[in-house]
Amino acid sequence: MTLWRWREDIQHDFAARMDWTIRSYAEANHPPVPRLGHGDTLHVRSGEVFGLSAAGTSDPDGDSVSYWWFQYPEAGTYQGAISFAPLSESLYYVHTIRAPEVERPETVHFILRVTDKGTPPLSRYRRVVVNITPD
């Protein structure tokens, strides 16, 4: 999947940077500022329910933003899929994630993608590493 997953955001970022060279600050779109409502590393036990929070996220232009949390399996040691159910992964606070049952310590990486509603829409990211330990 490599760079392909980020292609649209890269193109929008390039377009915005071009706008910055010819427009005033007020006329151009600027990227949102993703923040976490917790540390960028969490420690949980097998089967424990935990949450991911984007509390404090903002946009310098006052644009509304959308949120998307996704698991980034290429970076972690745990290769199984983790569900956000029954909630959606497009909420600023997802508090229903159940850690998988593990027999040895595992890491799972989650990415928060925050996208503003400006033109062009700009996205920024934050990573959360979840360390899971067996009971």
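This is a predicted model: local features need pLDDT of at least 70, side-chain atom pairs count only at pLDDT 80 or more; totals for chains, interfaces and linings use all residues.
Reader: How many salt bridges does a search of the whole structure find?
Author: A salt bridge requires a side-chain nitrogen of Lys or Arg within 4 Å of a carboxyl oxygen of Asp or Glu. Applied to the whole structure, the search gives a total of six.

Reader: Asp9 forms a salt bridge with Arg113; how many residues apart in sequence are the parts that the pair ties together?
Author: The closest N and O atoms of Asp9 and Arg113 are 2.6 Å apart. Asp9 belongs to helix α1 (residues 7-22) and Arg113 to strand β5 (residues 106-116), so the parts tied together are separated in sequence by 104 residues.

Reader: Which residues are linked with Asp13 in a network of salt bridges?
Author: Some salt bridges join two residues, including that between Glu106 and Arg104, with an N to O distance of 3.4 Å. Asp13, by contrast, belongs to a network, and the residues linked with it are Arg17 and Arg124.

Reader: Which residue's backbone nitrogen does the side chain of Ser46 reach?
Author: Ser46 is placed in the loop between β1 (41-45) and β2 (49-53), and it counts as buried because its relative accessibility is 6%. Not counting residues up to four places away in sequence, Ser46 touches several residues, among them Pro100, Glu101, Val102 and Thr133. At 2.9 Å, its side chain reaches the backbone nitrogen of Val102.

Methods. Residues are numbered from 1 along each chain as its sequence is written. Side-chain values use heavy atoms; hydrogens and water are left out. Helices (H or I, at least four residues) and strands (E, at least two) are DSSP runs, numbered from the N terminus. Buried means under 20% relative accessible area, exposed over 50%, partly exposed in between (1.4 Å probe, protein chains only). A polar contact is a pair of N or O atoms within 3.5 Å; within protein, one must be able to donate a hydrogen and the other to accept it, and residues adjacent in sequence count only if both atoms are side-chain atoms. Contact means heavy atoms within 4.5 Å.
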